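Biologist: I'd like to go through the labels on this model and hear what stands behind each one. Can you set the values against the cut-offs for me?

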Amino acid sequence: MRLTLLALFLFGFNLAFAALELPHESQLSALMLNQNDDELYLRGVIPHSRPSSLCGPASAINWLQLEKKSLSKSQQIDLLAQAASVSLTQGTDVNQGLIEPQLVQYLKNLDQLTGRNNHYGGKGRHFGGTDLTVSDLLSSEPQILLLRYDSRPRPVQPPMGRGRSPRIGGDREGGRDMGIPILDENEIRGFHFVLKVAADSATQEILFIDPENPGHYSRARLEIRTNPRNQKPEVRLLPHSARDLVSFSGGGLLIWTALSAIEKNP
């Protein structure tokens, strides 16, 4: 089924564009690799008693599966492990987590194992020094996105003495604007790769496969928001529902920011 029909039926995702034929959502669990799959532990791909940091490699494998649609889970894990072994000889341990240039090299290693010759580029950090924009993510082509997640900031209340009013404006001693939210000692922050599979420029929405929950097409709206810490614009993802990015407290409890997009060059 073409994505436009699938999306209209499942999401009301109007006139979405996808360069690949996408499987129906009911098929995703059987087709796509979960970065926490038990077989990854049983076969020692992920060291025992360690959390999975394979969101990048799993997204690369799922991208390959979208193109082939014929890889068994065993074949997917074999390829992931083989490409990881090549990366290790290059000085990169995929179980330590990857940054964008390392994931690009991993994709090249995967291509070498599968007899392909793709050329990769990207947008955002590590790719030409330019900031990511919403339009960069509205391509019809698949992209692996690096997302940052943060705790939601809360306004900080200044201490108040007897008979004193709340202070407005800057903190005289520290030079900090009391109106800018900051995070407390319980701050949550991390990074996560996902595979974007389609985008709708009319609604500024994307569909993506989260390797923590690959049996579901996740959906998010894109917006430009100002980072309260540095006052710079950034691309925010607003999850459509609690099912989207559900492994991360339902997604809605965190702020999601797109930092970069890895894509194939023509």
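Modeller: Let's start with Tyr149, which sits at 15% relative accessibility and therefore counts as buried, since buried means under 20% relative accessible area, exposed over 50% and partly exposed in between, with a 1.4 Å probe and protein chains only. A caveat on the origin: this is a predicted model, where local features need pLDDT of at least 70 and side-chain atom pairs count only at pLDDT 80 or more, while totals for chains, interfaces and linings use all residues. Residues are numbered from 1 along each chain as its sequence is written, and side-chain values use heavy atoms, leaving out hydrogens and water.

Biologist: What makes Trp256 buried or exposed?

Modeller: Trp256 has 1% relative accessibility, so it counts as buried. Across the protein chain, 47% of the 266 residues get the buried label.

Biologist: And what makes Ser201 partly exposed?

Modeller: Its relative accessibility is 41%, so Ser201 falls in the in-between class. Ser201 is in the loop between strand S3 (189–200) and strand S4 (205–209). Its C-alpha atom is 9.2 Å from that of Leu137, and the two residues are 64 apart along the chain.

Biologist: How many aromatic pairs are there, and what counts as one?

Modeller: The structure holds 2. Rings of Phe, Tyr and Trp (its six-membered ring) pair if their centres lie within 6.5 Å; planes under 30 degrees apart are stacked, over 60 edge-to-face, and the rest tilted. For Trp63 and Tyr120 the centres are 6.2 Å apart and the planes at 75°, so that pair is edge-to-face.

Biologist: What does the pair of Trp63 and Tyr120 tie together?

Modeller: Trp63 is in helix H4 and Tyr120 in strand S1 (residues 120–124), so the pair links parts that are 57 residues apart in sequence. Trp63 is buried at 3% relative accessible area, and Tyr120, at 11%, counts as buried too.

Biologist: Why is the pair of Tyr149 and Trp256 called tilted?

Modeller: Their ring centres are 5.3 Å apart and their planes are at 45°, so the tilted label applies. Tyr149 lies in strand S2 (residues 143–151) and Trp256 in strand S7 (residues 254–264), so this pair ties together parts 107 residues apart in sequence.

Biologist: On to the helices: what are the axis numbers for H4 and H6?

Modeller: The axes of H4 (residues 55–68) and H6 (residues 100–114) come within 10 Å and cross at roughly 40°. That makes H4 oblique to H6, because under 35 degrees counts as roughly parallel, over 145 as roughly antiparallel, 65 to 115 as roughly perpendicular, and the rest as oblique. The residues in contact (heavy atoms within 4.5 Å) include Trp63 and Leu64 of H4, with Tyr106 and Leu110 among those of H6. By class, that contact has 9 nonpolar, 2 polar and no charged residues.

Biologist: How do you know which label H4 gets relative to H5?

Modeller: The axes of H4 and H5 (residues 73–89) come within 10 Å and cross at roughly 130°. That makes H4 oblique to H5. On the H4 side, Pro57, Ala58, Ile61, Asn62, Leu64 and Gln65 meet Gln76, Leu79 and Leu80 in H5. These residues divide into 6 nonpolar, 3 polar and no charged.

Key: Axes fitted to C-alpha atoms, helices over the stretch in contact; angles between N-to-C directions. Helix = DSSP H or I, 4+ residues; strand = E, 2+ residues; numbered from the N terminus. Nonpolar A, V, L, I, M, F, W, Y, C, P; charged D, E, K, R; others polar.
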